[in-house]
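I opened this notebook to record what I looked up in one structure. The entries follow in the order in which I made them.

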Amino acid sequence: MRPCANAVLISITVVTMWGCAKAPEEQPKPSPVERGKYLVSAMACGDCHTPRKMGKSGPEPDPALFLSGHPASLSVDPVPQFSPGPWGAAVSTSWTAWAGPWGISFAANLTSDEETGMGVWDDAMFVGAMRSGLHLGAGRPILPPMPWSSVGSLSDEDLKAILAYLKSTPPIKNEVPDAVVNESVSEASQAAAQ
Ligand code: HEC
């Protein structure tokens, strides 16, 4: 290689290395809605709150019903009875109704719908529910398998971002049935409240 070509090559290498060594440009802070979308996706809320339909490799979330909770039209009767043995819980074909020692829980409608979803929830209700494990932050215990304590370990800012995102989703009207709470659970929560 000629000396001149060498010099050009060295300068390109030096300039490139200098470019790599520079501190990466700071990413703009995501908006609360963007941050909430990221958290909802990473924390797999849709795995339980989006009804499933049968796909090629088994039940998969139905994108048309994204985050809309247990479908009101899907009856779960008869409820499985468990005798003593290794199996202690069951899930519906939609993966949105769960039966176990706590009773029957139905995944809530997390869309922005005002009447049946999160439309009327405010920050205090959502942060309160996820921190206390009580319905709306003050009612009956939130039943399994809702991982409220993991979600509640997020910062206030992240929890508020999740609610901001949920309230930005397209509303889907779907009145999720009330949970069936086994007596032992309601007695324990009454005792704890006294
Ligand atoms: C493993 C399944 C599962 C996952 C994952 C899950 N949920 Fe739930 N969630 C449930 C079930 C079931 C209920 C209904 C519980 C009940 O009725 O007590 C519920 C209830 C709720 C409620 C209603 C609470 C109340 O006060 O009654 C909210 C809000 C909620 N989930 C938000 C979320 C968010 C946000 C995420 C993700 C960060 C999430 N859930 C992840 C299963 C799940």
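I counted two residues as in contact if their C-beta atoms, placed from the backbone, lie within 7 Å. The model is predicted: local features need pLDDT of at least 70, side-chain atom pairs count only at pLDDT 80 or more, and totals for chains, interfaces and linings use all residues. Residues are numbered from 1 along each chain as its sequence is written.

Entry 1, a helix pair. I found that Pro32, Val33, Arg35, Gly36, Lys37, Leu39 and Val40 of α2 meet Asp158, Lys160, Ala161, Ile162, Ala164, Tyr165 and Leu166 of α6. I sorted the residues of this contact into nine nonpolar, one polar and four charged (Ala, Val, Leu, Ile, Met, Phe, Trp, Tyr, Cys and Pro count as nonpolar, Asp, Glu, Lys and Arg as charged, and the others, Gly among them, as polar).

I noted seven helices and six strands in the chain; helices (H or I, at least four residues) and strands (E, at least two) are DSSP runs, numbered from the N terminus. Along the sequence I read the pattern α-α-α-β-β-β-β-β-α-α-α-β-α.
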